[in-house]
Amino acid sequence: MDDNQLIECAKEARSLSYSPYSGFAVGAAVLTKDGSIYLGANVENSSYPVSMCAERNAIYNAMMDGRTREDFLALAVVGDTAEPISPCGACRQVMSELLPEDVHIVMANLDGKSKATTLKELLPFAFDGSDL
């Protein structure tokens, strides 16, 4: 699967966003080694801190299907932003624990702009279990 196909999956997930307060819908798609795709969208709550981002929903969706760190190949995230959307700090931290550091990450917007990176580039000094 190429980046554009994964971005299209993330756009599909974005249509499932529950974002009545911010109006800011985000979608994500995770690709595993066997070709499975897991979707996630942001889900808001009137108590903002208990809202959940699209990236984490997609990753957790895959994990609930038995996927582990070794299964993940790529993640795409898309939002209605001027430049390619970037994962928030909470998502980066979760990604650093649950995805391999060389996982392919594609950040995109609705205008067709995208930027590819890796988790290691996105969060070079991640806090992990070895820091405890």
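## Helix α3 and its cover

In this predicted model, the buried residues of α3 are covered by elements that include α2, β3, β4 and α4. Those buried residues are Cys91, Val94, Met95, Ser96 and Leu98.

Helix α3 spans residues 89-98. One of its buried residues, Met95, is also among the residues with the most contacts inside the largest nonpolar core.

The largest nonpolar core has 22 residues. Its members with the most contacts inside it are Ile59, Leu75, Met95, Leu99 and Ile105. Several elements build it: β1, α2, β3, α3, β4 and α4 each supply at least two residues. A second core stands separate, with 11 residues. Ile7, Cys9, Ala29 and Val78 are among them. In soluble globular proteins, nonpolar side chains tend to be buried together.

Take Leu99 in the largest core. Leaving aside residues up to four places away in sequence, Leu99 touches Ile59, Arg69, Phe72, Leu75 and Leu119. Two of these, Ile59 and Leu75, are also on the list of residues with the most contacts inside the core.

## Helix α1

Helix α1 covers residues 3-14, which makes 12 residues. From its first C-alpha to its last it reaches 16 Å, close to the 16 Å expected at 1.5 Å a residue. Aspartate 2 caps the N-terminal end of α1. A side-chain oxygen of aspartate 2 lies 3.1 Å from the backbone nitrogen of asparagine 4.

Which residues of α1 are buried? They are Leu6, Ile7, Cys9, Ala10, Ala13 and Arg14. Seen down the axis of α1, the buried residues fall within an arc of 155°, so they line one face of the helix. An α-helix has 3.6 residues a turn, so residues three or four places apart point the same way. The cover over the buried residues of α1 includes the strands β1, β2, β3, β4 and β5.

Seven of its seven residues are buried, so β1 is largely enclosed by the rest of the structure. Both faces are covered. Val26, Ala28, Val30 and Thr32 are buried on one side. Gly27, Ala29 and Leu31 are buried on the other.

Two strands pair with β1. With β3 the pairing is antiparallel, over seven bridges. With β2 it is also antiparallel, over five bridges. Alanine 28 stands opposite glycine 40 in β2. The hairpin of β1 and β2 has four residues between the strands. In that hairpin, glycine 35 takes a positive phi near 90°.

## Glycine 27

Glycine 27 sits in strand β1. Is glycine 27 buried or exposed? At 0% relative accessibility, it counts as buried. Its bridge partner in β3 is valine 78.

Glycine 27 touches Ala10, Ala13, Arg14, Gly40, Ala41, Ala54, Ala76, Val77 and Val78, not counting residues up to four places away in sequence. Three of these residues, Ala10, Ala13 and Arg14, are buried residues of α1. Glycine 27 and asparagine 57 are 30 residues apart in sequence. In space they are 9.4 Å apart, C-alpha to C-alpha.

## Strand β4

Five of its six residues are buried, so β4 is largely enclosed by the rest of the structure. Six bridges join β3 to β4, and these two strands run parallel. Glycine 79 stands opposite asparagine 109 in β4.

Serine 17 lies in the loop between α1 and β1. With a relative accessible area of 18%, serine 17 is buried. What does its side chain join in a polar contact of 2.7 Å? The partner is the side chain of asparagine 42. Serine 17 touches Ala25, Val26, Ala41 and Asn42, not counting residues up to four places away in sequence.

Lysine 115 lies in strand β5. At 49% relative accessibility, lysine 115 counts as partly exposed. Lysine 115 touches Pro84, Ile105, Val106 and Met107, again not counting residues up to four places away in sequence. Lysine 115 and isoleucine 105 are 10 residues apart in sequence and 8.3 Å apart in space, C-alpha to C-alpha.

Key. Residues numbered from 1 in each chain as written. Predicted model: local features only at pLDDT ≥ 70, side-chain atom pairs only at ≥ 80, totals over all residues. Heavy atoms only, no water. Expected span 1.5 Å × (residues − 1). Buried < 20%, exposed > 50% of the residue type's maximum accessible area, 1.4 Å probe, protein only. Arc of directions from axis to C-beta. Contact = heavy atoms within 4.5 Å. Polar contact = N/O pair within 3.5 Å; in protein donor to acceptor, adjacent residues only side chain to side chain. Core = buried A, V, L, I, M, F, W, Y, C linked by side-chain atoms within 4.5 Å. Pairing = 2+ DSSP bridges.
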